[in-house]
Amino acid sequence: MKIALLGYGKMGKAIEEIAANRGHEIVLRVSEDIESYNLKEIEIDVAIDFSVPKAAFKNITTAFKNKIPVVSGTTGWLDDYEKATEICKKEDAAFIYASNFSIGVNVFFELNKKLAQMMKGLQDYSVEIEEIHHTQKLDAPSGTAISLAQQIISENPNKKGWQLDHADKDEIPVHAKRITDVHGTHTVSYKSTIDTIEIMHMAHSRQGFALGAVIAAEWLKDKKGVYTMKDVLSSLFE
Ligand SMILES: NC(=O)C1=CN([C@@H]2O[C@H](COP(=O)(O)OP(=O)(O)OC[C@H]3O[C@@H](n4cnc5c(N)ncnc54)[C@H](O)[C@@H]3O)[C@@H](O)[C@H]2O)C=CC1
Ligand SMILES: O=C(O)C1=N[C@H](C(=O)O)C[C@H](O)C1
């Protein structure tokens with residue numbers, strides 16, 4: 001598979017290594033807007049975008065206009081997600097976005113939904129989310145923490161939204177901490193005066209995110225349409 005890396009930072013480099021181990025070729029490494037490249041001149045099977053919030057939408061939709069399938073893991077640009085999916089469909093391209101490509105986190109997402117279903121009627125418990133990441137991270141809270149909050153909100157009619165730190169009773173407080181060299185730790189806690197129930201995922205490196213993104217790219221390569229990581233991992237969750 002010929003891969004274009006949109007964003008060649010920490011994740012771009014981790015993906016390069018895993019892609020090479022799986023027999024793929026990196027044909028383009030981009031650290032600026034892809035409008036400055038003539039994509040028609042390069043043979044690309046799939047683009048993998050791990051860049052910066054301000055660049056993601058333009059780079060992803062430029063790839064769609066060149067009929068290149070896109071796997072995107074960039075966080076912090078999701079106000080434009082619906083617009084991106086419309087352009088994908090209009091251009092008959094293919095797209096997977098995930099706030100977290102790690103297979104472990106996708107299992108954690110399923111646990112989070114199940115736990116939220118079980119806890120929604122237990123009014124003595126209050127729910128909160130904590131995420132910890134390295135100090136270079138540009139966005140807060142993390143995309144993964146937002147996904148976790150949205151999953152709880154979908155299951156629990158008493159929760160209408162989320163807020164960083166100080167939340168009203170009908171909102172979920174999300175705490176974002178920045179500590180050197182932490183790859184990504186997410187905890188969902190339900191606390192009462194009697195006890196605490198917690199689920200936690202801790203990434204030990206960037207390998208899990210990178211492997212998940214390459215698996216998603218292999219799965220998406222010959223497809224059209226808009227998908228999620230749950231589609232990619234459907235056989236795991238049957
Ligand atoms: N969905 C997931 O599983 C994961 C998502 N992420 C997200 O991926 C993104 C990148 O993370 P890192 O690699 O750690 O960040 P990084 O800061 O190491 O790399 C970002 C790269 O984007 C490049 N860039 C800047 N402007 C650009 C433009 N206009 N077009 C293309 N590239 C441009 C920068 O030169 C830099 O090399 C972040 O949004 C992060 O939250 C990170 C890990 C896992
Ligand atoms: O920036 C990171 O590093 C990460 N970002 C993603 C997020 O915002 O959820 C995923 C992972 O936690 C690492």
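The protein averages a pLDDT of 96, and 100% of its residues score at least 70; pLDDT is the predictor's confidence in each residue, from 0 to 100. This is a predicted model: local features need pLDDT of at least 70, side-chain atom pairs count only at pLDDT 80 or more, and totals for chains, interfaces and linings use all residues. Residues are numbered from 1 along each chain as its sequence is written, with chains lettered from A and ligands numbered from 1 in the order in which they are written.

Me: How far apart do the C-alpha centres of domain 1 and domain 2 lie?
Reply: Domain 1 is 2-101 + 207-237 and domain 2 is 103-202. These bounds come from an automatic or database domain assignment. The separation of their C-alpha centres is 26 Å.

Me: Which helix gives the most to the shell around ligand 1?
Reply: A residue is near a molecule if its C-beta atom, placed from the backbone, lies within 6 Å of it. Helices are DSSP runs (H or I, at least four residues), numbered from the N terminus. Helix 1 (10-21) and helix 2 (53-65) each supply at least two residues. With three residues, the top contributor is helix 1.

Me: Which residues come nearest to ligand 1?
Reply: The ligand has 25 residues around it. Those that come nearest are Gly9, Met11, Ala55, Gly73 and Phe209.

Me: From which domains does the shell around ligand 2 draw at least three residues?
Reply: Residues around ligand 2 include Thr75, His133, Lys137 and Phe209. The shell draws at least three residues from each of domain 1 and domain 2.
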